[in-house]
Amino acid sequence: MGTIYCWFESLFGQNLGEYLWGYSCDTQVYSNKNLFNSIGLIAILISLIFVLAYYYLPLKFFNHPRSNRWWNWLIILLLSGIINFLIGYGWTINDFLNGNIGDCLMYTRDSDGNIVSQLIYKKDCWLFGLSCFFISSMFFIVWSYILKWWSRNCRHSPIF
Amino acid sequence: MSKLYVFGIGGTGARVLKSLTMLLAAGVDCDIETIVPIIIDRDISNKDLSRTRLLIEDYIIVNKIAPKNGRNRFFKTRIELLNGELCLQLKDNTQKFDDFIGRTTMCRENQALVDILFSKETLKLDMTEGFQGNPNIGSIVLNQFDDNDVFKNFANDFKDGDKIFIISSIFGGTGASGFPLLRRTLQTPNIKGTDGQVLPNWGLVNKAQIGSITVLPYFVVGNPTDESLINSDTFIDKTRAALSYYKTEDKKIDTLFYIADKLTSTYPHHKGGDLQKNDAHFVELAAAMAILDFINIDKLNKNVHRNRDNIIDSTTYKEFGIRSNLAEFNFDHLTDTTKRLIINPLARFLLFAKYMGYSVAKEDIDGKEELLVEKNNNNDIFNKEHRHQPYARKRFIGDFRQKNAIQKLETIQVRFFEWLLEMEKQNRKFTPFNLFTSSAIEFINGHLNIIQPRAFNLKNWAIVDHELNGQTGKIDKSLENESRFIELFYRVTEKIINYKN
């Protein structure tokens, strides 16, 4: 899962990536929990839920004869992406603010222990959220093409 | 594979056949596979006849694509024309009555006798526009039934088990005179053609089950706009006279239906021709239902009473009535049997037509407000949705709507709307539907127990599209697109409108 997220590593930075891989500054190995797997699994589930809802839930805006235009599908994709964006951002910003990210990943220090440079910023959390948005959208597209064929009203959405 | 040969005599015959065609298009229960309409009318240019002819020709085209083995009932019953002709070809087409009887070649004494029997106006009558309410002329002119080949094609086509039905009005000219003459000819043994040979199958024709409807006055005509001899003041007297003669038809007809309406509408007065275009009337619809009653297998024991030698034991007489004598009535005022017969088919076919965008609108024409059937783009659900809905994918897109059979189908849908609208315009208004509403569900008038799908998330035309998308996978994939279209819409309208009493 982390490999997929690392396609977007240039967005959110290598250090935040290392943290999410589970790198521990104490042990110098990847002994912490791999957060990519957790966040990725949530992205898979949320996009699956939205895809199932869009194609099969008998509600307005979902499996409905007036909701089978491509833009209806796109709206649901964006909704799923935004939720994943908020989860990715919320998860990392929470760890960032609570000091859960190891010091060796957060800063470069000189021999006296003074901070020379900061390696992870708040914007990296935003950009990680954006990565989550893109990845969940990919999952959404894959789920759509796997599951849409049995939908009564939307089986030819987004492409007729 | 038996057939019903329906003889429609005169203008009323043509209009009843039009109503029958509308019922068959809508898919009423019809216990016979093929109907062969035959119109007998000297006035072949009258508008009622030409409208019926066009309708039947379109019906035949649509019937060819209508699925016969699926659930579909729209256009299911076959209509076939004898040698491609709707009208029976009468051999003698002499224009003036005095030429027909050869008055000018008669001796002076005979000419004097003819002058006593017929008025000058009658003798100079142009019969190409019918008999203009003169059954005495009709009974002479139509006597050519039994002396030439007019029935040759009919006899050639006739098979054992086929049935005959005759539609005629009793208060005009052609129908009143034509009915007893036609009945007599059909039951006369050994009719010969011009070649001197007995017509083939004529024995089968003689013995065939035969029903008839005699339409008593249900309209009057206003002041004449031309040199017409029609006078509606004489309608009742003519009816009385003809009925007394029809007593002799007892035991010669299996079932004889009567229908009339005292609350008459007044039609514009034309002697015939292109101007004779009368609005549809509920009486004609009821008369068409009489035909379906006659061929109803469940009613065979009530309608036909024959002995072991296949001779008619007794004639069954039937009349049609509605439950309340109201100037405006709808399905609520029909009997349960009639409701069961027509509510579902008419409502389903109307729903189909509405989906295709047709409705009635008020138009201002030369300062006068007119009701017209038109396609409203805002209500054309098919046009709006076919690009998006799965049921139409790869099948009903592109030039699908321009295909000949689909265009004919839509033409009939327009005529169907007009037919319903015309019945609303009569003094006795039949208003079963709200023809103005764009609603897919709330368009049937009256308090009827119609089971309709209710989904909390679906409204109006989305219900129809939802059903279309659901039903499309259940249809035989080998069907051509046009056939599939009809099958699909029948299944969907059947799901959406289901009257039970």
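This briefing walks through the contacts and nonpolar cores of the structure above. Please keep in mind that the model is predicted. Chain B is assigned domain 1 (3-91 + 131-321) and domain 2 (332-499), and the largest nonpolar core has 127 residues.

**Between the chains**
- Chain A brings 13 residues to its contact with chain B, and chain B brings twelve.

**Between the domains of chain B**
- Where domain 1 of chain B meets domain 2 of chain B, the contact takes 32 residues from domain 1 and 34 residues from domain 2.
- Three helices of chain B, α1 (10-26), α2 (47-65) and α11 (282-294), each supply at least two residues of the domain 1 side.
- The most comes from α2(B), which gives six residues to that side.
- By residue class, the domain 1 side holds 20 nonpolar, six polar and six charged residues.

- As background, nonpolar side chains in soluble globular proteins tend to be buried together.
- In the largest core, the residues with the most contacts inside it are B:Val6, B:Ala25 and B:Ala287.
- The helix α11(B) gives the most to this core, with eleven residues.
- Domain 1 and domain 2 of chain B each provide at least three residues of this core.
- Leaving aside residues up to four places away in sequence, B:Ala287 touches B:Val16, B:Ser19, B:Ile167, B:Ile213, B:Val215 and B:Ile259.
- A second, separate core has 33 residues, among them A:Phe50, A:Tyr55, A:Phe139 and A:Trp143.

How values were computed:
Residues are numbered from 1 along each chain as its sequence is written. Chains are lettered from A and ligands numbered from 1 in the order in which they are written. This is a predicted model: local features need pLDDT of at least 70, side-chain atom pairs count only at pLDDT 80 or more; totals for chains, interfaces and linings use all residues. Two residues are in contact if their C-beta atoms, placed from the backbone, lie within 7 Å. Domain bounds come from an automatic or database domain assignment. Helices (H or I, at least four residues) and strands (E, at least two) are DSSP runs, numbered from the N terminus. Ala, Val, Leu, Ile, Met, Phe, Trp, Tyr, Cys and Pro count as nonpolar, Asp, Glu, Lys and Arg as charged, and the others, Gly among them, as polar. A nonpolar core is a set of buried Ala, Val, Leu, Ile, Met, Phe, Trp, Tyr and Cys residues joined through C-beta atoms within 7 Å. A residue is buried if 20 or more other C-beta atoms lie within 10 Å of its own, exposed if 12 or fewer, and partly exposed in between; C-beta atoms are placed from the backbone.
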